Amino acid sequence: MLRIARRSLLRSSISPSPSLIPRRHNSILSFSEDVELFRDVVRRFNTDLVQPNVSAMDAAEQIPASLVSALFDTGLMAVETPEEYGGAGASFTAAVAIVEELAKCDPSVAVLNDVHNTLVNTCVRKWGSDYIKQTYLPQLATSKLGAFALSEPSAGSDAFALKTRARKLPDGDFVLNGGKMWITNGGEAEIFVVFANAEPEIGYRGITAFVVEKDWGVKVVKKEHKLGIRASSTAVLALDDVHVPAKNVLGHYGKGYKIAIECLNEGRIGIAAQMAGIAQGAFDRAVSYVYRDRKQFGKFVGEFQGMQFQIAQVATEIEAARLMLYNAAAIKDAGGEFVTEAAMAKLYASQVAERAASKAIEWMGGVGFTREESVEKFYRDAKIGAIYEGTSNIQLQTIAKLIQKKYAN
Ligand SMILES: Cc1cc2nc3c(=O)[nH]c(=O)nc-3n(C[C@H](O)[C@H](O)[C@H](O)COP(=O)(O)OP(=O)(O)OC[C@H]3O[C@@H](n4cnc5c(N)ncnc54)[C@H](O)[C@@H]3O)c2cc1C
C-alpha cells in the first residue's frame, strides 16, 4: 500500500512541500508511514490546488470538475479499495486522515472525499458481488464520483421511513420510484448507492440497496443553497421509473437497512475527522495571527493571559477530539466493536469544531468576522457536524442505548 501511496505522490503534478510537519513520537497520534505519506500528499494538494480556490468555490457554491479530477489523479479517491481494483489498499485510518487534512483547508472538499471513500466505496467493497466490485470499484477509483442516497423528505433521523419504492419485475430486475433529499455529491455523482423499499408491507426488512448509474435516469431536481460547506453539492434527486438490473442489488435483497447502519457507523468517524480538521484549520489560522500579526497595547494580542487561556482550552479540546477520532478508527482497523467510540467521536468533534471556529473568529476580532481570512467560513462549515450522518441527538441516543445495554442487564 505504501508503494501505491508513493506512486500517487509521484504521479501527481503537485509541487513538493516546503517542509514536512514534524512527527510526534510514541503518541497514539503518531501514525504509520503510509498514513503520513497520504497526509503529506494532501498538504501539497491543499497548498497547490485547494487553498487558492477556497473562497471562490464557496462563493460559486461549487467544486470545479478539474479539482474532482485532481483528487482522482492524486490517488485520494480509492484509499481502502484493494490494489486489484485500482485503489491504494490502505487502512481506514488513512482514509480519515485524508479527510481531516483536507478539512483543515476546505471542509467541502473533505466531505466530497469522505462520502466517496467511507460511504460509497465501502458499501461497494463490503457488500458488492464480484460483478459489482469488478464493474464499479475501478470506476470509483479513477474517474466517477459516488453518492450515498438514503435520506428523503420524510425520512431523516427516521431513515427507514423511506418512501422510495423498488418494484420487482418478473425477470428479477427492479424499477425504482421516489425522491431523495440532501444528497452530498448528488450534483456531480455518476454512481449512486440508493436505498429503496421493495416490500413496504414488511417494513424496514424490505429495504434494499442498489448500485445505480446516473444515466439510468437519476435526475438532479435541485441543488440546495446552504449556510456552510457551500461548495459541496447537496442535491434533491428524483427517481422516476429507473430500471435497475437484478445484478445491481447490493448485498442481499431486504438487507439495505443493515448496509445503511453499518456504513453510517463507520462513516461517522469520517465526519469526526472533518470536524477535527475544521477545528485545527481555524485554530492554526487564528493562533498564527495573534502571535505574528496583530499587536494592541504594544504587544501581540496572543501574549495576553486572557487570550492564552482560551487558546490552551481549545487546543486541549482539539487534542481530545483527535484522540477520540483516531481511537475509533484504530478499533475499526483492528476489527473491533467501534460503534460507541464512533458516535462519541462524531458528537464531540462536531462540538469542538463549532467552539474552535467561534473562538478563532473572536481571537481575530474584526478581521475574523470578515470574509477576508476565511475563518468565518470554518464557523459556517462546522455547523453541519451536528446534523448529517446522524444528528447530535441521534449520536447521544446511540451512546445511551449501548450504555444501557451494558449496565441494565
Ligand atoms: C448538507 C447535508 C448533507 C447531507 N448529505 C446526505 C447524504 O449524502 N446522504 C443522505 O442520505 N443524507 C444526507 N443528509 C441528510 C442528513 O443525514 C439528515 O439531514 C439528518 O439525518 C437529519 O435528518 P433531518 O434533517 O430530517 O432532521 P430530523 O430528523 O427532522 O431532526 C430534526 C431535529 O429533531 C431531532 N430528533 C429527531 N429524532 C429524534 C429522536 N429520536 N430523539 C431525539 N431527537 C430527535 C434531531 O436531533 C434534530 O435536532 C445530508 C444533510 C445535509 C444538511
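How many residues of domain 1 are in contact with how many residues of domain 3? Keep that in mind while you set up the view. This is a predicted model, in which local features need pLDDT of at least 70, side-chain atom pairs count only at pLDDT 80 or more, and totals for chains, interfaces and linings use all residues. Residues are numbered from 1 along each chain as its sequence is written.

**Stop 1: the domains**

Start by colouring the protein chain in three parts: domain 1 (2–142), domain 2 (146–255) and domain 3 (258–407). These bounds come from an automatic or database domain assignment. Now for the opening question: 25 residues of domain 1 are in contact with 24 residues of domain 3, where contact puts the two C-beta atoms, placed from the backbone, within 7 Å. On the domain 1 side, select α3 (54–60), α5 (92–105) and α6 (107–127), each of which supplies at least two residues to the side touching domain 3. The largest share, 10 residues, belongs to α5. By class, this side of domain 1 has 15 nonpolar, 5 polar and 5 charged residues. Helices here are DSSP runs of H or I with at least four residues, strands are runs of E with at least two, and both are numbered from the N terminus. For the classes, Ala, Val, Leu, Ile, Met, Phe, Trp, Tyr, Cys and Pro count as nonpolar, Asp, Glu, Lys and Arg as charged, and the others, Gly among them, as polar.

**Stop 2: two annotated spans**

Next, select residues 32–142, where an unreviewed UniProt entry places "domain: Acyl-CoA dehydrogenase/oxidase N-terminal". That span is 74% helix and 0% strand, with its end C-alpha atoms 25 Å apart. Then switch to residues 147–242, which UniProt (unreviewed entry) annotates as "domain: Acyl-CoA oxidase/dehydrogenase middle". Here you will find 0% helix and 49% strand, and the end C-alpha atoms lie 16 Å apart. UniProt positions follow the numbering used here, feature names are shortened, and annotations may be inferred rather than shown by experiment.

**Stop 3: the ligand**

Centre on the ligand and show the 20 residues around it, of which S151, G156, S157, T391 and N393 come nearest. A residue joins this shell if its C-beta atom, placed from the backbone, lies within 6 Å of the molecule. Both domain 2 and domain 3 give residues to the shell, so the ligand lies between them. Look for β1 (146–149), β3 (174–184) and α13 (392–407), each supplying at least two shell residues. The shell divides into 10 nonpolar, 8 polar and 2 charged residues.

**Stop 4**

Now pick α10, residues 339–363. Its 25 residues reach 36 Å from first C-alpha to last, close to the 36 Å expected at 1.5 Å a residue, the expected span being 1.5 Å times one less than the number of residues. Of these, 20 are buried, so α10 is largely enclosed by the rest of the structure. Buried means 20 or more other C-beta atoms within 10 Å of the residue's own, all placed from the backbone. Just after α10, check G365, which takes a positive phi of about 60°.

Move on to α12 (residues 375–382), where 7 of 8 residues are buried. Its buried residues pack against α3, α6, α8, α10 and α11 (365–369).

**Stop 5: V290**

Finish on V290 in helix α8 (residues 256–292). With 22 C-beta neighbours inside 10 Å, V290 counts as buried. Beyond its neighbours within four places in sequence, V290 is in contact with F300, V301, G302, M307 and W363.

Definitions and conventions
Buried ≥ 20, exposed ≤ 12 C-beta atoms within 10 Å, placed from the backbone.
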